[in-house]
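Thanks for coming. I will take one structure today and go through a few of its parts in turn. Please have the sequence and the model open.

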Amino acid sequence: GFGALGGTSGTGTFVFTANPGTAGTPGVVGLLGNGGDGGAAGSGAAGGLAPATTAVIATIGVGDRPTGVAVTPDGTRAYVTNGSSVSVIDTATNTVTAIIAVGASPNGVAFTPDGTRAYVTNPNGRSVSVIDTDPASGTYNTVTATISVLSSPMGVAVNPAGTRAYVAVYDRDLVSVIDTATNTVADTIPDGRSDRRAVAVNPAGTLAYVTNRGGISGGDPSVSVIDTATNTVTAIIAVAASPYGVAFNPAGTLAYVTNADSNSVSVIDTASNTVTATVGVGFFPTGVAFNPAGTLAYVTNADSNSVSVIDTASNTVTATVGVGFFPTGVAVNPAGTLAYVTNYDGNSVSVIGFASAVVAGGDGGNGGAGGAGFFGGLGGNGGDGGAGGGDGADGIHGDDATALAPAGDGTDGGAGTDGG
């Protein structure tokens, strides 16, 4: 007679650590005749990507006291306000390619949706500079208009249609509305609050949120909600101490507000204009920006020299990245692979990248040994070697789509030994 067939094949699983398949079970010894064949081994585990890491991949020197930062809609350049100028960073080389003179102590910066103009607030100059940012233009990277506003403009945001720019005026209880077709102030919106810092327009263009620290002429820390169709304040949302930065998620359903003196972020439901969560972060949080997917928010912690990464599904901090001295502004590129952070006291910009390491496929297990024959029976054949692991995916670093390591195949397992 013949011995029974050995064990059946094992099964590899998709894991981040390359595991080999298990060896097949040896064939059963034949009682009067030939031994059974060894079982085939399991396949090796497939390769894949290790979990992504977040780290500073470059530091770029800019002018004095960099504050605001914005990335062009095509992701090729970042504009940084500093001193009395704007530094233009080539995001492919992480080098400053131009310095544009603007007004005194520039602060906020925002692009029109087509990327052809940038609006820069100059608090000490009581003005807004308009920069031509179209590389095909004859006036590229020059100031083409200067708009006078009341008192000290701080934050600025352009609506999705590109027709209006909203400017938060620091020491007056108002917001200036600029008509971008004529580059003139078309309206002023009083909100009865003081010490405005930042402004953001929702993706639908129907609402603007303005942070009010309330530190000059009194008033509780709050966020003013502006109906952009009527340019009126329709709600006031109480938040924690010293609201500073504000940003809408890409869906427009949430707004995150950094509270500098309470070391927290208020999460606002924009449908109800209520705070639904408060997230603890580092010391003196100021800037905030979302990735394009809306799954992560990045918060600069000025007194901690760090950036907190918030998982927006759970509203928890999942990573903290050390950057330069006194980080203030933050902007994420359109691909969601890089974040640019201005370091006010470091005269620099930290570039945060996201990387995934490659894990190669695991080796296949060896085939099981053939069963031994008894009383002159022939030994069984060795089992077939297991299949090699699947390909590991290419790792991506930053926005250059370069593999960190080649994708890996596991090698096939060896055949089992023949039975005696």
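Arg 197 has a relative accessible area of 15%, so this residue counts as buried. Keep in mind that what you see is a predicted model. The side chain of Arg 197 meets that of Asp 195 in a salt bridge, at 3.2 Å from N to O. Is Asp 195 buried or exposed? Asp 195 is buried, because its relative accessibility is 5% and the cut-off for buried is under 20%.

Asp 173 sits in the loop that joins strand S12 (164–169) to strand S13 (174–179). With a relative accessible area of 37%, Asp 173 is partly exposed.

Asp 179 and Arg 164 form a salt bridge through their side chains, 3.6 Å from N to O. Asp 179 belongs to strand S13 and Arg 164 to strand S12, so the pair ties together parts 15 residues apart in sequence. Asp 179 is buried at 17% relative accessible area, while Arg 164, at 28%, is partly exposed.

How many salt bridges are there? The count is four. One more to look at joins Asp 261 and Arg 213, with 3.7 Å from N to O. Asp 261 is in the loop between S20 and S21, and Arg 213 is in the loop between strand S16 (207–212) and strand S17 (222–227), so this pair ties together parts 48 residues apart in sequence. Asp 261 is partly exposed, at 45%; Arg 213 is buried, at 16%.

Now the sheet around that loop. S20 and S21 belong to an open sheet of four strands, in the order S19-S20-S21-S22, with antiparallel pairing. Strand S19 (243–248) and strand S22 (274–280) are at the edges with a single partner strand each, so one side of each has no neighbour in the sheet. From one strand to the next, the twist averages 25°. Strand S20 (residues 254–259) pairs with strand S21 (residues 264–269) over six bridges, and Thr 258 has Val 265 in S21 as its bridge partner.

Last, the whole protein. It has 30 strands and zero helices. Of its 420 residues, 52% count as buried.

Technical notes: Residues are numbered from 1 along each chain as its sequence is written. This is a predicted model: local features need pLDDT of at least 70, side-chain atom pairs count only at pLDDT 80 or more; totals for chains, interfaces and linings use all residues. Side-chain values use heavy atoms; hydrogens and water are left out. Helices (H or I, at least four residues) and strands (E, at least two) are DSSP runs, numbered from the N terminus. Buried means under 20% relative accessible area, exposed over 50%, partly exposed in between (1.4 Å probe, protein chains only). Two strands pair if DSSP finds at least two bridges between them. Axes are lines fitted to C-alpha atoms, for helices over the stretch in contact, and angles run from 0 to 180 degrees between N-to-C directions.
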